[in-house]
Amino acid sequence: MEKAVGAGSAEEPEDVRPTVATPVGHAVKVSVSMPDDLVDDIRARVGKREFSRFVAEAAAHQIAMIKLGEIVEAHEAEHGQIPDELMREAEDRWHEAFGQ
């Protein structure tokens, strides 16, 4: 997990929220078909110049979620299903930490 800039000082607690890093590497131009209302919504929020960055970050986030699912599947294949009690405890801690 990444730390938020400036977090962790004596006055302010360390921010340990998970983040998705902006994808790095050589950019490749691709053509993608998307519903026009989705395109309009994205442009209204980030502007035309930030559209590619927004879509790249969204794709990186989706890939991260897929990889997380693969980690859970591998763990459960080796150790069995995660008990409901532990899942509830993890959800409670998440909500306490991030207020969601």
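The paragraphs below go through the helices of this predicted model and the contacts between two of them. Local features are taken at pLDDT of at least 70 and side-chain atom pairs at pLDDT 80 or more, while totals for chains, interfaces and linings use all residues. Residues are numbered from 1 along each chain as its sequence is written, and side-chain values use heavy atoms, without hydrogens and water.

Helices here are DSSP runs of H or I with at least four residues, numbered from the N terminus. Helix H1 covers residues 36-46 and helix H2 residues 51-79. Their axes, lines fitted to C-alpha atoms over the stretch in contact, with angles from 0 to 180 degrees between N-to-C directions, come within 9 Å and cross at roughly 110°. H1 is therefore roughly perpendicular to H2, a term that applies from 65 to 115 degrees.

At this crossing, Val39, Ile42, Arg43 and Val46 of H1 meet Phe51, Arg53 and Phe54 of H2, where contact means heavy atoms within 4.5 Å. Arginine 43 also lies over the face of phenylalanine 51, at 5.3 Å from the ring centre; for arginine, this requires CZ within 6 Å of the ring centre and within 35 degrees of the ring normal.

The expected span of a helix is 1.5 Å times one less than its number of residues. For the 29 residues of H2 this gives 42 Å, which agrees with the 42 Å between its end C-alpha atoms. Glycine 80 follows H2, with a positive phi near 90°.

Helix H3, residues 84-98, has 15 residues and should span 21 Å; its end C-alpha atoms are 21 Å apart, so the two values agree. Just after H3, glycine 99 has a positive phi of about 65°.

Notes:
Helix = DSSP H or I, 4+ residues; strand = E, 2+ residues; numbered from the N terminus. Parallel < 35°, antiparallel > 145°, perpendicular 65-115°, else oblique.
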